[in-house]
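The following questions and answers go through one protein model, from its overall make-up to single residues. The structure comes first.

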Amino acid sequence: MSAATAPASRGFAPSRALRCRGRGEETAAVARSRRVAARDLVASSRRFERPRATASDDASTSSSSSSSSSSSSTSTAPPAPKPTPEDIASVAAFFLETTAAATASVPLVGDVARAFARAFEPTPADFPPGPPGDAAVELAADPIAFIVKTQREHGDVVGLRLAGEHVVLVSDPDVVRDVAIDRADLFVKEGTAFFPGSSLAGEGLLVSDGEKWARQRRLSNPAFRAAAVDAYATAMTRAGERLLRGPWSARTIRDAYADFNDLTLEIVADALFGADVRGARAKEINAAIAEAFEFFGKRSSSGFIVPEWAPTPENAGYAAAVARLDDAVYALIAERRAKREKPRYERLELLDEDREDEFVEEEEEEEEEEVPGGSSSTTPSRGPDLLDRLLDARDDGDGGDGGGMTDASLRDELMTLMVAGQETSAILLSWCCALLAQHPEVAERCAAEARAVLGDGSGGGDGDDEIEIASPTAENVGEMKYVEAVVLETMRLYPPAYMVGRCAARDVVVGGHSLRKGTTILIAPYLLHRDARRWDDPDAFDPERWLRPGGAPKKSESESESESESATDDRPMTDAPPMAKGALRGTGPGGVYLPFGAGPRVCIGTGFAMMEATILVAMIASTVDLKTLPGRAPPRPRALITLRPDNVELDVIPKRRGARARTGVGGVARSE
Ligand code: HEM
């Protein structure tokens with residue numbers, strides 16, 4: 001994906017745009033055989049393997065490049081980190097792919113020809129003005145610095161040449177609204193430059209268009225309605241408890257980004273597959289998921305400079321991991337279908353009805369969760385998981401055909417949800433914790449609110465050493481307004497999806513400029529969220545702004561716009577907590593807040609992600625104190641595919657019962 005479609009993927013996968021042009025749809029079987037073919041190439045390519053930078057190399061390069069820190073306690077606009085050669089290579093890959101006509105296995109001559117033809121196309125007379133020449137290298141070197149400078153020098157609708165592609169960078173609220181909502185049908189995903197797909201996410205919601213997308217979206221929506229999302233709260237608190245009773249239960253320095261990557265993968269897998277990833281087969285399935293994601297993560301965070309089809313050992317390893325995950329997921333789907341068709345005891349061949357009680361007891365036992373490091377935590381038994389809901393879905397609404405999802409579509413949607421819902425949420429939680437550590441007064445307020453709403457929670461340990469964890473329910477989420485404001489404000493400053501891309505499906509006029517069919521439009525939430533013309537003190541971390549009457553932003557000129565917008569807005573199709581619902585409607589207040597995108601393609605996981613972040617921030621703030629490390633500059637945004645923090649090592653200090661009693665509810669306990 002491009003930075004343009006941050007949540008789509010964590011890897012610079014081949015440009016699906018090019019992959020799709022002129023080709024028919026590929027079946028899961030074909031995709032699989034291509035991956036297997038790629039895997040077979042590993043032996044021949046292994047000899048070209050060269051040593052790769054390790055994670056610690058990477059960390060030291062970025063920390064040594066850190067020279068400045070935030071000047072005031074409230075200013076949170078640190079300069080972007082100096083890009084490492086790996087960053088440049090990674091982002092450059094994304095441009096190279098567009099001209100290399102990447103396909104999952106065979107570069108298509110036709111695609112290459114088309115890419116070259118586009119590269120030499122003259123710029124249309126009416127194209128928006130912008131910097132001279134091709135700006136791909138400058139953008140690749142530091143995407144955030146580039147878009148900020150480009151907006152400052154050329155305005156809110158800027159014409160660019162990027163690796164030969166005609167691209168328009170948009171940060172004008174009216175134009176954003178026009179593209180994302182009002183005329184959304186004229187702008188599609190297919191054909192978007194720098195818009196990668198991945199064999200992991202297949203042809204799921206993120207990358208499809210037209211009737212295929214509409215049908216899948218209709219089928220998936222019910223699984224993300226409020227009542228359904230509420231049921232996933234258990235997976236969220238369960239994972240939060242595991243973190244807080246496990247690695248975060250003693251004073252320790254933790255890499256929050258790494259911990260949250262594990263945590264959000266656990267949550268999304270649990271929400272998707274429920275008991276199946278916790279029961280007896282958990283190891284096998286979790287191992288397949290973890291392996292595929294490890295490769296996926298490496299592709300985006302290290303010097304990945306080749307498209308997915310190239311016969312490198314990394315690609316072959318990735319293809320093999322995806323193939324193993326496919327096997328596990330197809331097996332899960334088949335088993336679940338079979339289970340749903342038969343009565344429960346028949347399916348286990350417990351034909352003797354007298355033994356049914358025994359079976360029920362066994363199932364109840366399986367539902368009980370072991371929490372490392374501590375006391376009992378028996379989570380309530382759960383409703384259907386996402387897989388059940390997707391299996392239940394029938395396309396029986398307006399224009400529907402009454403059918404359900406095929407196994408291949410199910411597989412693609414399940415993987416898409418994992419890909420789209422995992423790293424974006426991990427990034428959000430990492431930024432939230434980094435900001436809480438920098439702003440202890442904000443952390444204290446979150447803790448106080450959580451304690452007031454949730455009480456003291458359940459303990460683990462003895463006497464003064466006891467850690468108490470209050471686990472929110474879905475109903476509590478809407479009651480924790482301040483925590484919610486912290487989450488909204490964090491995404492304002494650091495939107496994980498900092499750019500969102502579309503492609504003009506035909507010749508079209510945008511912002512007064514004629515654009516040819518095939519032009520890419522990059523909407524930049526990062527620029528909208530920090531626009532000083534529309535937000536007061538845009539670089540300050542000020543959660544309070546969301547609680548003031550009228551909400552954010554406050555500049556008078558935008559307030560009137562915001563009113564007229566909400567009257568006609570498409571509401572997100574997913575449910576979010578009440579305050580967030582207002583903030584996330586349409587293109588947000590003043591038309592300048594869209595961390596989850598907008599219009600028909602708005603993030604289907606909006607409610608899920610908001611609930612997850614609110615629950616976890618409340619649990620974390622009320623259970624531990626977070627501190628930045630002495631002498632360490634605050635993390636800086638590192639814009640790759642998503643906007644991730646470059647380094648979120650935090651000092652985690654559990655609040656012990658005794659310490660909290662001494663400092664009062666929500667007080668900052670200094671237990672060491
Ligand atoms: C903080 C967390 C998240 C952020 C910032 C985020 C952001 C976004 C954005 C900006 C889009 C729109 C992309 C576009 O218009 O091109 C999107 C789409 C999508 N997101 Fe998320 N997302 C998050 C979490 C999740 C979660 C938890 C899930 C699922 C469990 C999810 C599933 C999806 C899917 C399936 C789409 C494609 C929707 C469609 O095109 O119909 N996301 N996300």
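**Overall make-up**

The protein has 27 helices and 14 strands, where helices (H or I, at least four residues) and strands (E, at least two) are DSSP runs numbered from the N terminus. This is a predicted model, in which local features need pLDDT of at least 70 and side-chain atom pairs count only at pLDDT 80 or more, while totals for chains, interfaces and linings use all residues. Residues are numbered from 1 along each chain as its sequence is written.

Q: What percentage of the residues in the protein is buried?
A: A residue is buried if 20 or more other C-beta atoms lie within 10 Å of its own, exposed if 12 or fewer, and partly exposed in between, with C-beta atoms placed from the backbone. Of the 672 residues in the protein, the buried share is 52%.

Q: Which share of the contacts with a separation of 6 or more comes from residues 24 or more positions apart?
A: Two residues are in contact if their C-beta atoms, placed from the backbone, lie within 7 Å. Among contacts in the protein with a separation of 6 or more, residues 24 or more positions apart account for 78%.

Q: Is Cys 603 buried or exposed?
A: An unreviewed UniProt entry lists Cys 603 under "binding site"; such annotations may be inferred rather than shown by experiment. Cys 603 lies in the loop between α25 (578–583) and α26. Because 28 other C-beta atoms lie within 10 Å, Cys 603 is buried.

**Helix pairs**

Q: What is the crossing angle of α19 and α26?
A: Two packed helices are described by the angle between their axes and the distance between the axes. Axes are lines fitted to C-alpha atoms, for helices over the stretch in contact, and angles run from 0 to 180 degrees between N-to-C directions. The axes of α19 and α26 come within 10 Å, and the angle is roughly 35 degrees.

Q: How many charged residues are in the contact of α19 with α26?
A: Residues of α19 in this contact include Gly 421, Thr 424 and Leu 428, and those of α26 include Phe 608, Glu 612 and Leu 616. By class, the contact has 12 nonpolar and 3 polar residues, and the charged count is 1.

Q: What is the crossing angle of helix α12 and helix α13?
A: Helix α12 covers residues 233–245 and helix α13 covers residues 256–273. Their axes come within 9 Å and cross at roughly 145 degrees.

Q: How many residues in the contact of α12 with α13 are charged?
A: On α12 the contact is made by Ala 235, Met 236, Arg 238, Ala 239 and Leu 243, and on α13 the residues include Asp 259, Leu 263 and Glu 266. The contact has 7 nonpolar and no polar residues, with a charged count of 4.

**Single residues**

Q: What is the phi of Ala 163?
A: Most residues other than glycine have a negative phi. Ala 163 is found in the loop between β1 (157–162) and β2 (165–170). Ala 163 counts as buried because it has 24 C-beta neighbours inside 10 Å. Its phi is positive, near 50 degrees.

Q: Does Asp 537 count as buried or exposed?
A: Asp 537 has a positive phi of about 45 degrees although it is not a glycine. Its place is in the loop between α23 (525–529) and α24 (556–568). Because it has 12 C-beta neighbours inside 10 Å, Asp 537 counts as exposed.

Q: How far apart in space are Ile 147 and Tyr 526, C-alpha to C-alpha?
A: Ile 147 is in helix α8 (residues 143–154), and it is buried because 23 other C-beta atoms lie within 10 Å. Not counting residues up to four places away in sequence, Ile 147 touches Leu 169, Ala 524, Tyr 526 and Leu 527. Ile 147 and Tyr 526 are 379 residues apart in sequence, and their C-alpha separation is 9.0 Å.

Key: Ala, Val, Leu, Ile, Met, Phe, Trp, Tyr, Cys and Pro count as nonpolar, Asp, Glu, Lys and Arg as charged, and the others, Gly among them, as polar.
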